Amino acid sequence: KLIGAFKGEALVGIGAAKIIDNYGELKRFYVPEEFRGQNIAEGIVAELEKWLATQKISKSYLETGIHQ
């Protein structure tokens, strides 16, 4: 599941969750620099965790790459 956060018409953040076996993987987060510090990523994480819960997934991990 990929979701975006908007301020008006502007896309100000994205994030995704993938179900792997019996856990969720949170990944692909991005918030442009000018919108950081506004709790946008926290809101995206919360929405993805809610979605995982509806899928009966209670454990999730944040996937990070070597370039982050």
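## Aromatic pair

Tyrosine 61 is partly exposed, at 44% relative accessibility. This value belongs to a predicted model, as do the others in this report. Tyrosine 23 is likewise partly exposed, its relative accessible area being 24%.

These two tyrosines make up the one aromatic pair that the structure holds. Their arrangement is edge-to-face, with 5.3 Å from centre to centre and 85° between the planes. The pair joins distant parts of the chain, since tyrosine 23 lies in strand E3 (residues 23-30) and tyrosine 61 in strand E4 (residues 60-62), 38 residues apart.

## Nonpolar core

The largest nonpolar core consists of 12 residues, among them Ile3, Val12, Phe35, Leu48 and Ile57. Strand E1 (2-7), strand E2 (10-20) and helix H1 (40-54) each contribute at least two residues to this core. The greatest contribution comes from H1, with four residues.

Valine 12, a member of this core, has several contacts beyond its neighbours within four places in sequence. Its partners are Ala5, Phe6, Lys7, Tyr30, Val31, Pro32, Phe35 and Ile40.

## Salt bridges

Two salt bridges are present in the structure. In one, the side chains of glutamate 25 and lysine 27 meet at 2.8 Å, N to O. Glutamate 25 counts as buried, at 15% relative accessibility, and lysine 27 is also buried, at 15%.

The other links lysine 50 with glutamate 47, whose closest N and O atoms are 3.0 Å apart. Lysine 50 and glutamate 47 are separated by about one helical turn because they stand three residues apart in helix H1. Glutamate 47 is partly exposed, with a relative accessible area of 40%.

Terms used:
Residues numbered from 1 in each chain as written. Predicted model: local features only at pLDDT ≥ 70, side-chain atom pairs only at ≥ 80, totals over all residues. Heavy atoms only, no water. Core = buried A, V, L, I, M, F, W, Y, C linked by side-chain atoms within 4.5 Å. Buried < 20%, exposed > 50% of the residue type's maximum accessible area, 1.4 Å probe, protein only. Contact = heavy atoms within 4.5 Å. Phe/Tyr/Trp six-rings, centres within 6.5 Å; stacked < 30°, edge-to-face > 60°. Salt bridge = Lys/Arg side-chain N within 4 Å of Asp/Glu carboxyl O.
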